[in-house]
Amino acid sequence: MKTLLIVLVTSLMSVLCMAQSQNGADVDGSNNVTFESISISVSAENMQDLKELNLEDIQDIFGNAEADREVSFEIVCYGKPMKNGKKASLAMKADGNSNDLEAFYNQIKMIKKMALGYYN
């Protein structure tokens with residue numbers, strides 16, 4: 001649940017940030033919003049967070065991307081604190097293009113599988 005909430009909040013923040021115009025001169029009166037890229041980052045504290053990650057929801061988000069847009073997905077796994085007091089972490093990221101979402105989805109599945117292996 002926590003992971004899904006993080007994904008949704010990150011997506012909402014991306015939409016809000018990308019929808020802002022730089023100045024009043026950029027506003028042309030249309031209601032069309034376009035994205036140059038879509039990026040999602042998920043942080044996981046344990047294996048349960050990763051198991052709750054629904055890849056179908058992620059696919060739906062990326063599936064709405066326009067043609068020829070950059071897409072990226074990242075999972076950051078946090079482990080137990082090290083001797084120096086900092087939390088151990090491992091980040092895995094997949095980059096792709098909205099023109100070839102099937103290959104991108106396969107990369108996301110592979111990243112999730114590797115992230116689950118991190119906690120074993």
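**From values to terms**

Reply: Valine 42 has a relative accessible area of 0% and is buried. The model is a predicted one.

Me: Why is valine 42 called buried?

Reply: The term buried applies under 20% relative accessible area. Valine 42 has 0%, and is therefore buried. This residue lies in strand β1, residues 37-44.

Me: Why does arginine 69 count as buried?

Reply: Its relative accessible area is 18%, and the limit for buried is under 20%, so arginine 69 is buried. Arginine 69 lies in the loop between α3 (55-63) and β2 (70-81). Leaving aside neighbours within four places in sequence, its contacts are Thr34, Phe35, Glu36, Gly96, Asn97 and Ser98.

Me: What makes the link between the side chains of arginine 69 and glutamate 66 a polar contact?

Reply: The distance is 2.9 Å. A polar contact requires N or O atoms within 3.5 Å, one able to donate a hydrogen and the other to accept it. The pair at 2.9 Å therefore qualifies. Arginine 69 and glutamate 66 also both line the largest cavity, together with Phe35, Ile38 and Ala65. That cavity has a volume of about 30 Å³, and the structure holds one cavity of 30 Å³ or more.

Me: Is aspartate 68 buried or exposed, and how do you know?

Reply: Aspartate 68 has a relative accessible area of 51%; exposed means over 50%, so aspartate 68 is exposed. It is placed in the loop between α3 and β2. The phi angle of aspartate 68 is near 60°, a positive value in a residue other than glycine.

Me: How many aromatic pairs does the structure hold?

Reply: There are two aromatic pairs. In one of them, phenylalanine 62 and phenylalanine 104 have their ring centres 5.0 Å apart and their planes at 85°.

Me: Why is the pair of phenylalanine 62 and phenylalanine 104 called edge-to-face?

Reply: Rings pair if their centres lie within 6.5 Å, and planes over 60 degrees apart count as edge-to-face. With 5.0 Å and 85°, the two rings therefore form an edge-to-face pair. Because phenylalanine 62 lies in helix α3 and phenylalanine 104 in helix α4 (residues 101-118), the pair ties together parts that are 42 residues apart in sequence. Phenylalanine 62 is buried at 0% relative accessibility, and phenylalanine 104 is buried at 2%.

Me: What makes tyrosine 118 and tyrosine 119 an edge-to-face pair?

Reply: Their ring centres are 5.1 Å apart, within 6.5 Å, and their planes stand at 80°, over 60, so the pair is edge-to-face.

Me: Why is tyrosine 118 called partly exposed?

Reply: Buried means under 20% and exposed over 50%, with partly exposed in between. Tyrosine 118 has a relative accessible area of 29%, and is therefore partly exposed.

Key: Residues numbered from 1 in each chain as written. Predicted model: local features only at pLDDT ≥ 70, side-chain atom pairs only at ≥ 80, totals over all residues. Heavy atoms only, no water. Helix = DSSP H or I, 4+ residues; strand = E, 2+ residues; numbered from the N terminus. Buried < 20%, exposed > 50% of the residue type's maximum accessible area, 1.4 Å probe, protein only. Contact = heavy atoms within 4.5 Å. Phe/Tyr/Trp six-rings, centres within 6.5 Å; stacked < 30°, edge-to-face > 60°. 1 Å grid on protein atoms, 1.4 Å probe; cavity = no way out; pocket = protein on both sides within 12 Å on 5 of 7 lines; lining within 4 Å. Points joined across faces, edges and corners; volume = space filled by probe spheres on them.
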